[in-house]
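Here are my notes on the model you sent over.

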Amino acid sequence: MTALTAAAVLAGCGDSAPHNARSEWEARRAELQRAIARDAGAIAERVELARVATKLGDGVAAEAAIRGAIDAGGNPAALRPILARALAMQGKGDAALAILSEGPVIAAMEGEAAWVAGDIHRDRGELGDARDAYDHAVRALPRNAMLWVDIARFRAANADLLGARDAVDYAIELDETNGAALALKAGLVRKSEGLTAALPWYDAALDVDPGNGDALIAQAATLGDLGQYKAMLAALRRAATVVPGDPRLYYLQAVVAARAGNFPLARSLLQRTRGAMDDVPGFMLLSAIVELELGGEAVAATWAERLVSGQPHNFTARRILAAASWADGDSAAAAKALAPIVARDDADSWSLLLAARIAAEGGAAERGAAYAARAAALTRGDAEPFAFGQSILLRSAGDAAPLNPARAIPAMAADLAHGDAARAIERAAALRDANPGVAEAHILLGDAAFAAGRFGLAVQSYRAARNLDASERAALRLANALYRGGDVAGARAAIGALGRSDPASIAADRIAGHLAIDGREWDTAIWHFHRVRGRIGDRDAVVLRELARAYAAKGDRARARAFIDRAYRLQPLNAAIMEFYADLLEREGAAQAASDLRDKAAQIGR
């Protein structure tokens, strides 16, 4: 192999190359194509062309270039890893691994061969094999920025968010103009710090690589989640010039259309994806909602059922499945969809009311009345962090495999069911210690501590989880643990942090509103509950009741009456709503109407 050919082969697999803007890579590709046209036997130019095509994300062109180099006499032992990478970029993982196993690879390319294998195993979910391959690759290429980006992706796939952050930070340290590293950093910041904090990182990624379609689409999705729809659509328009026809463009536009209430347009946009996103949970959920809004109950039920089959604990999908099945006349399917929800102490009133109606019409009047009574209370119980088991076999299995979550979590449930909270916490702590960068491990320990009433340990664990994952699942647990432990100010601070990191969080506004009501901060409560109404409309009796309370406390009886009237129309059998409504009516001089409402409330209470 000539020195020139060797340099071309190794380019891009050693230390990070100097930054080249996408336009510069495009220009270099054109130069190489002209050189190859002049000299059909050029090997070094073909190898470099393959490298450039890889940087541009063009696996087909990279494959053609490297096969041309081999046909022209290039050394297969040097070129197999580059060919394997080109095949892997096209989704041909089996073919790529077959190429790598066809024969030896020169020593200088062993690191890249391992790197390619790691990427393939990672994308297949074969995380053990991926870890081994990456360990080999990083020993050979310790300062390659793109390798560290892929290691960060691997760690993120392993739920090791702390490790992923460390890896991507090192990649940026090695090459601060690496667009892929900056875009991945944006995604990790979005998860760990929230939506707003991620935007500057997306801007940084696009400053160095304005043609990064994935970063543009991710930026657009983040802007949409923040409610900045004009900026979101602008980002999507830019993305459409880079990756025209990408199904994610149509999906995100459909999200905007649906939120604006234009469901026919949303359906048209979803159909333009031509099945490319049919297995994506968000796509299935949106499709179910759109079809239900347009009267396609059977189609909506099909979408929701598919989602529930893959995510049985997705209660939003279950509610949509129940609504669609009920509207389509299949009450049995609706009841089945609701069963896991209404079995919980923290079941929502909408699910309970629908379950009550289904039970009553099915002849189970007593069960229906029980559901209706729970819904009318407008208070929800606490969620149980574990479904308790009773078998000693679960505990034994957990003892045998203490670091296997599939064994340890049921064992913890059995421990708690047998009153052995200390052992459950011990198991969770062992999982946490083995996975300090995994938010779920800290949440698990927090859940065990919370179930045992050890709120201090729960707070500590949930806080550690929130530092890794700024989403609602950690923040809401932290706020609840703080509140149950008597730290109301801490709970408010945790909810405030969630609201700042994710301004679109309905849960953050809802809970902040309730805490403001408790603190008699009426204007703050009104502001938060109106934000909730802006997202969900007037379909939550609790939100409407709290708005009525806040306006009444401020002396604005007209608005208070308007909101309590809406709440009453949603929950006409709720005694608390009737009592509050009666008080308002009495203060306005409508004594008879107030008396009638109190009589009705008393009859319901008997």
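1. Let me start with Arg531 and Asp509, which form a salt bridge with their closest N and O atoms 2.8 Å apart (a salt bridge being a side-chain nitrogen of Lys or Arg within 4 Å of a carboxyl oxygen of Asp or Glu). Arg531 belongs to helix H31 and Asp509 to helix H30, so this pair ties together parts that are 22 residues apart in sequence. Helices here are DSSP runs of H or I with at least four residues, numbered from the N terminus. Arg531 is partly exposed, at a relative accessible area of 31%, whereas Asp509 counts as buried at 7%. On this scale, buried means under 20% relative accessible area, exposed means over 50%, and partly exposed lies in between (1.4 Å probe, protein chains only).

2. A word on the ground rules: this is a predicted model, in which local features need pLDDT of at least 70 and side-chain atom pairs count only at pLDDT 80 or more, while totals for chains, interfaces and linings use all residues. Residues are numbered from 1 along each chain as its sequence is written, and side-chain values use heavy atoms, with hydrogens and water left out.

3. Staying with H31, this helix has 15 residues and reaches 21 Å from its first C-alpha to its last, close to the 21 Å expected at 1.5 Å a residue (the expected span being 1.5 Å times one less than the number of residues). Its buried residues are Trp522, Ala525, Ile526, His528, Phe529, Val532 and Ile536. They pack against H30 and helix H32 (541-553), where contact means heavy atoms within 4.5 Å. After H31 comes Gly537, with a positive phi near 80°.

4. Please also look at Glu521 and Arg492, a salt bridge whose closest N and O atoms are 2.6 Å apart. Glu521 sits in the loop between helix H30 (506-518) and helix H31 (522-536), and Arg492 in helix H29, so the pair ties together parts that are 29 residues apart in sequence. Glu521 is partly exposed at 31% relative accessibility, and Arg492 is partly exposed at 30%.

5. What about the salt bridges in general? The structure holds 44 of them. Another one joins the side chains of Arg432 and Asp433 (2.7 Å, N to O). Arg432 counts as partly exposed at 21% relative accessibility, while Asp433 is exposed at 53%.

6. Helix H28 (residues 472-484) has 13 residues and spans 18 Å from first C-alpha to last, close to the 18 Å expected at 1.5 Å a residue. Ala474, Ala475, Leu478, Ala479, Ala481 and Leu482 are its buried residues. Viewed down the axis of H28, they fall within an arc of 165°, so they line one face of the helix; the arc is that of the directions from the helix axis to the C-beta atoms. Their packing partners are helix H26 (439-451), helix H27 (455-468) and helix H29 (488-501). Just after H28, Gly486 takes a positive phi of about 95°.

7. Finally, Glu291 is in helix H17 (residues 281-293). Is Glu291 buried or exposed? It is buried, with a relative accessible area of 11%. The side chain of Glu291 makes a polar contact with that of Arg267 at 2.8 Å (a pair of N or O atoms within 3.5 Å; within protein, one must be able to donate a hydrogen and the other to accept it, and residues adjacent in sequence count only if both atoms are side-chain atoms). Leaving aside residues up to four places away in sequence, Glu291 touches Arg267, Gly296, Glu297, Val299, Ala300 and Trp303.

Notes: Helices (H or I, at least four residues) and strands (E, at least two) are DSSP runs, numbered from the N terminus.
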